[in-house]
Amino acid sequence: MKKGSEWNIWDLHVHTPASLVHHYEAGADCDVWEQYIRDLESLPKEVKVLGINDYLFIDGYKKVLEYKAQGRLQNIELILPVVEFRLSQFGGNKQFSRVNFHVIFSNEVDADVILAQFLSALQNKYQLSPEYNSMSWGGVITKENLEDLGRRIIASVPENQKANYGSELMEGFNNLNLSYKDIMEVLGHAPQYFEGKYLTAIGKTEWADIKWNDNTIAEKKNIINSVDFVFTASESVDGYSAALKSLTESKVNNRLLDCSDAHRNSTSTDKDRIGNCHCWIKAETTFEGLKQVLYEPEERMAVSQLPPQMKNSYQIIDRVELEEAGFWNDVIEINPNLNTIIGGRATGKSTLLKAIASKQANVKLKEEDDFVSKHLTGVKVIWADGNEHPENQIDFFHQSYMHELAEDKDALNNVLKGIIAEKDEQHILSTYESNNNQLKGQLARDILSIFQNRELIKGTTAKIRDKGNKNGITKEVGELKTKLLELSKGAAMSDAELTQYQQQSEQIAGKEKQIVTATHDVSLLKASLQYSVVNGEYIRVSGLDGLEYGENKTRVHSTFKTLQTKAGTAWKTYIEQTIKTTEEAIEKLKTEIAAVKDSDLFKKGLKFYADNKEIGDLKTKIEEEEKKITEIELLEKELQQQKAEESRLFEAIITNHLSYFANTQQVIENLKFETEGLLISTQRRLRQNDLNGFLENALNQRSGERQQYLADLELGYATNIETTIRDFLKRSLDGEIVLKNYNEIQQVVTRLLSENWFVMDYELFYQNDTFAQMSSGKQAFVILKLLLDFSDKKNPILIDQPEDSLDNRAIFNELVTYIIRKKKERQIILVTHNPNVVVSSDTENVIVANQQGNDSKNDNGCRFQYVSGALENNKPKDKDCEYVLQSQGIREHVCEILEGGKAAFIKREQKYGFRH
């Protein structure tokens, strides 16, 4: 089997040692012809086709064929005869260059036929250049005769101009001209020999030297536009590019082929040497292959140092080996570009494609493909490096895959999400998801805290209530103190002493109050030591666990751990120092209290009140009530802090929950990708059904009022989210939400407010249409573009009958154009029954499938058999051949199997208006 159309170097202008003019030299141990043949045999392996051009003669071509027949030139697959003339339109006019005209014949035309039916038929049509018309000359065209003509021409010019002339042989040839019309008439008069078996070309350099003026412009354009190709022999690829640009800008035929125009051995430094050609043609190495350049010049021809459209060997399937007795036994070559599998119904097209796909680990066949799974033992997929690689990735799209995906919104959304994740170089989506994960965790913690804090508020409020009314106690203390002063009058202590004692008592009370608050702080400070000052989950929550480059992950983890340890140590030291300072202050207060209590006046006061029971009881009562006030004030301060914490938590919960919405807006504004008219944008969608279902399962609806609240809550979340969740959270904390029996308010609030009820949808646009506005056929095509255009992958693509999901217009106008572009980037293997997919996309390799039957025999007797080749593989049907696949060429199979195949070929070949 063959791989079809492949890139090879074609050098269509190579002279031989038999040429009118050449500079070939003999080798150290061989004659000039042997050295010439050795040079050709030493050409780079990419050179597969030569055009032998010895001007008006084909003796050199015949001799090269003789060497080939003797087993030489095994590296050259095709040798074509080329004949070169000088056109009379411009020949002989000294202000113009002579235009070289070439006829490239098919190798199927025998050299003797070219001589007898073409060259001999031109004998009486030659004209001398105008300035030599008076010269008596004629006869059969031979080298000797041309040399004689050249000798006469040189002799006819002044002695001081003779140095400007070349050899006698070349001067004779250069001044022997033919008209384009005569050449074409001779070719046309012998269609049985030449029809469809020749191509024409002119030399670009000589044509370019013709001046553009009123006398030449029409003829100059006509002559270049009437030929199939333009020849050039550029010194470099850049030189070729400049020549091509010049033709393109002149709006004339720019099918420019680079040739060596070799007159010298490969070791020469002159540009016109063997091997100095960089003309790549993608075709089978046949004359029909060359003709394909006419139909697809931009796709089939390139000039470069390296092979065009090179792909990595590990991303190209080289061949598929099939071996199972009675089932199949073939080696199918796979082209690096586009391979189409065709055949009649149930001929094994999809079976082959699925067999290839299933050999790669990333592909799992569907259950209905069980038939294929039973015949995989003898299947080998060999990659371009010569080995099987089950781990290599391929993309396999089964029949109707694009249509199925277009109809499944969730599946399409997942595909879009995966594509966006792959293309999101700024990590917008991963940042969004990471932020949402952090929000969810923070909200859950804050909701737990706010409910715990509300319980603390209830407890503290109850304690304050149990202590009594602070204002009443304060009033009572004032009245008790007034009564104490009245009872103390006239006592053993003077009024001044009693007043001073009272001050000392208040001083002690104040210090004892400070001791209580300081002791409270010490308790909190000591409790804080059990917590880490730096959150150890930071690396995971922040997403830094995903670092991959170099040692980034190791260094970040190490640095974070070091900083965490340093921060923890520093914080612990600070807290411990604060505890120590506070405990020292407590001891100092105790010392100060002891000093006061140890004073004579205070002791006298104590004795005084001890000796006076009524006054002492009153004093004790005052102390007890003042202690209550101190405890109430501490509780009030605690309550104030708890309420402040509730307010903080409340706002944090609201803000964080609203951040879900804000985060989606950031994604919508910043996450858009576009290529080739295909746009992916992001949209926000409220999961209304999920939200409503949750609320209806959680809230009690046994009254009209409760039902109305539920309806308002569902609507409010969609229309005024902030007001709605504020009201809901407040009602929940205040115990105003009535739940169904099995629910708890904290759990319900946590689920509602820690959950992100928004989901990111991904909208597709193509040619300004939304995905929903497209026809199902266009949707399927857009899915195919989506899967391939937004992927950076270069592995092979296997598609089973993509046209099944598309309408005919989309197939021709978009799918074909798309495949032509995509096959340059990735290897494609697809099953199709549409001729436009095969022919209009200029498939490089057609694989024809056949199932054994009474009227469709396989020559290996197996159930399934395959042949492959290029579109240009042309062989009329042999009715005597009993084997279907071998009975005709690939082109004929395409025309026979695919309805409209012949019309597709005609349409393709008429694209440039050629006669062939």
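Me: Where does threonine 267 lie?

Reply: Threonine 267 sits in the loop between strand E9 (256–258) and strand E10 (279–283). Strands here are DSSP runs of E, at least two residues long; helices are runs of H or I with at least four residues, and both are numbered from the N terminus. This is a predicted model, in which local features need pLDDT of at least 70, side-chain atom pairs count only at pLDDT 80 or more, and totals for chains, interfaces and linings use all residues. Residues are numbered from 1 along each chain as its sequence is written, and side-chain values use heavy atoms, with hydrogens and water left out.

Me: Why is threonine 267 called exposed?

Reply: Its relative accessible area is 72%. Exposed means over 50%, buried under 20%, and partly exposed in between (1.4 Å probe, protein chains only). Threonine 267 is therefore exposed.

Me: How far apart are threonine 267 and aspartate 39, in sequence and in space?

Reply: They are 228 residues apart in sequence. In space, the C-alpha to C-alpha distance is 8.8 Å.

Me: What makes cysteine 895 partly exposed?

Reply: Its relative accessible area is 29%. Cysteine 881, at 24%, counts as partly exposed too.

Me: What makes strand E12 and strand E15 a pair?

Reply: Two strands pair if DSSP finds at least two bridges between them. E12 (residues 317–324) and E15 (residues 379–383) have five, in the antiparallel sense. Leucine 322 stands opposite valine 379 in E15. E12 also runs antiparallel to strand E13 (residues 328–333), joined by six bridges. In that hairpin, three residues lie between the strands, and glycine 326 takes a positive phi near 80°.

Me: Why are strand E17 and strand E20 called edge strands?

Reply: Look at the order of the open sheet: E17-E18-E19-E20, with antiparallel pairing. E17 (673–675) and E20 (769–770) each pair on one side only.

Me: How does the span of helix H21 compare with the one expected?

Reply: The expected span is 1.5 Å times one less than the number of residues. H21 (residues 552–597) has 46 residues, and 68 Å is expected. It reaches 67 Å from its first C-alpha to its last, which is close.

Me: What distance makes aspartate 761 and arginine 685 a salt bridge?

Reply: The distance is 2.5 Å, N to O. Aspartate 761 is in strand E19 and arginine 685 in strand E18, so the pair ties together parts 76 residues apart in sequence. Aspartate 761 counts as buried, because its relative accessibility is 9%. Arginine 685, at 36%, is partly exposed.

Technical notes:
A salt bridge is a side-chain nitrogen of Lys or Arg within 4 Å of a carboxyl oxygen of Asp or Glu.
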